[in-house]
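Here is a short report for a first look at this structure. Keep the model open while reading.

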Amino acid sequence: MVRARASAADLDASTAVYVSAIQKELNAVKSRYASAQCYNLNLPKDVAQLPSLIAQHKVVLDILPAGLLPLVAHTCLEVRCSMVSCNDVPEEIQELHHRVVDVGITFLCECGLDPGIDHMLAKQAVQDVKDRGGQVTSFTSWCGGLPAPECSNNVLKYKFSWYPKLALQICHQSAGYLENEKVILVSGEDVLYKAHPIDLDAVLPGIKFEGFPNKFLYQYLSAYGLQSCKNFARGTVRYEGFSNAMLALIQTDLFNDIAVPQLQPDAPDITWREFLSWLARGSYDDKELGKCTAFKSG
């Protein structure tokens with residue numbers, strides 16, 4: 001909920017608080033920074049403890065899943081504490097703007113990679129063109145956090161550096177782009193099928209990348225100063241082969257969000273091979289697993 005990363009010297013000069021539902025994380029912080037204050041808190045279960053904890057501090061750094069942002073934001077407003085978050089700004093948070101300003105605190109959201117750094121670089125590039133007397137009629141932005149090429153050593157060629165569930169959701173959430181002043185919408189089921197090679201040799205020569213569309217919002221055009229832009233696209237970049245691997249996993253039903261009895265905490269132990277066999281055939285007999293999963297994923 002509240003995370004502060006600092007040097008030992010920084011911690012001597014201020015109070016750093018680390019709040020997590022995972023005790024192992026808290027122990028690791030405490031072993032490194034003896035003066036850090038650590039609290040075990042599990043939201044939304046322990047929401048009653050949140051106001052008194054936040055009220056002791058000046059700023060909350062929220063890195064919770066996006067669905068919990070409103071809970072933290074409303075609590076911060078209640079106790080008049082500023083908040084920083086890397087999450088998108090949903091309508092519920094936008095509606096708090098005037099109240100936040102009136103009480104004299106700051107809510108700073110969308111300050112991660114996407115959204116965040118991508119917005120700032122886009123705005124800088126657009127402004128640079130305008131400062132030189134030009135006009136942007138077509139805009140394309142590719143964004144993604146990737147492991148170093150030598151570390152992309154799995155079938156996805158990708159490793160999680162943020163909330164895994166959301167990192168995977170972007171692979172099957174609806175997207176869109178502007179083409180010749182017309183909005184083209186892409187359903188979540190079709191997003192990965194829209195993946196195509198992209199040329200980034202100018203910055204990383206010799207490495208093959210691919211990209212697929214991200215969400216489209218008209219507010220991006222006004223935020224970037226591109227109201228007259230005819231073509232506008234924001235996309236996610238990955239190493240070549242990511243989309244095909246993800247499609248195979250999706251088609252094998254590994255991204256079904258329905259609760260599975262075999263994976264519940266009180267269920268008997270099961271190997272991943274047995275689980276894949278059950279998904280593919282409804283049986284734990286894994287003799288034909290390879291053929292079955294290959295057929296199911298096309």
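Helices here are DSSP runs of H or I with at least four residues, numbered from the N terminus. By that count, Leu121 sits in helix 7, residues 117–131. Bear in mind that the model is predicted.

**A nonpolar patch**

Leu121 is exposed, because its relative accessible area is 52% and the cut-off for exposed is over 50%. Together with Leu113, Ile117 and Met120, Leu121 forms a nonpolar patch on the surface. The four residues share about 380 Å² of accessible area.

**Salt bridges**

Side chains of opposite charge can pair when their charged atoms come close. The whole structure holds three salt bridges.

| Salt bridge | Distance |
|---|---|
| Lys215 and Asp88 | 3.3 Å |
| Asp118 and Arg234 | 2.9 Å |
| Arg132 and Asp128 | 2.9 Å |

Start with Lys215 and Asp88, whose side chains meet in a salt bridge. This pair links distant parts of the chain, 127 residues apart. Lys215 lies in the loop between strand 10 (209–213) and helix 9 (218–224). Asp88 lies in the loop between strand 4 (82–85) and helix 5 (91–94). Lys215 is partly exposed, at 25% relative accessibility. Asp88 is partly exposed too, at 29%.

Next comes the salt bridge of Asp118 with Arg234. Here the partners are 116 residues apart and again link distant parts of the chain. Asp118 belongs to helix 7, and Arg234 to strand 11, residues 231–239. Are these two residues buried or exposed? Both Asp118 and Arg234 are buried.

The remaining salt bridge joins Arg132 to Asp128. Arg132 is exposed, with 64% relative accessibility. Asp128 is partly exposed, at 37%.

**A pocket**

Rolling a probe the size of a water molecule over the atoms shows where empty space is left. The second largest pocket contains about 390 Å³ of space. Among the lining residues are Leu156, Tyr158, Phe160, Lys165, Gln169, His172 and Asp257.

**A loop residue**

Asn180 is in the loop between strand 7 (175–179) and strand 8 (182–186). Asn180 is exposed, because its relative accessibility is 60% and over 50% counts as exposed. Asn180 and Asn231 are 51 residues apart in sequence. In space, their C-alpha atoms are 5.6 Å apart.

Notes: Residues are numbered from 1 along each chain as its sequence is written. This is a predicted model: local features need pLDDT of at least 70, side-chain atom pairs count only at pLDDT 80 or more; totals for chains, interfaces and linings use all residues. Side-chain values use heavy atoms; hydrogens and water are left out. Patches are made of residues with over 30% relative accessible area and no salt bridge: like charges are joined within 9 Å, nonpolar side chains (Val, Leu, Ile, Met, Phe, Trp, Tyr) within 5 Å. Accessible areas come from the Shrake-Rupley method with a 1.4 Å probe; for residues, only the protein chains shown count as cover. Helices (H or I, at least four residues) and strands (E, at least two) are DSSP runs, numbered from the N terminus. Buried means under 20% relative accessible area, exposed over 50%, partly exposed in between (1.4 Å probe, protein chains only). On a 1 Å grid over the protein atoms alone, a cavity is a set of points where a 1.4 Å probe fits but cannot get out, and a pocket is an open set with protein on both sides within 12 Å along at least five of seven lines; lining residues have an atom within 4 Å of a point. Grid points are joined across faces, edges and corners, and a volume is the space filled by probe spheres set on the points.
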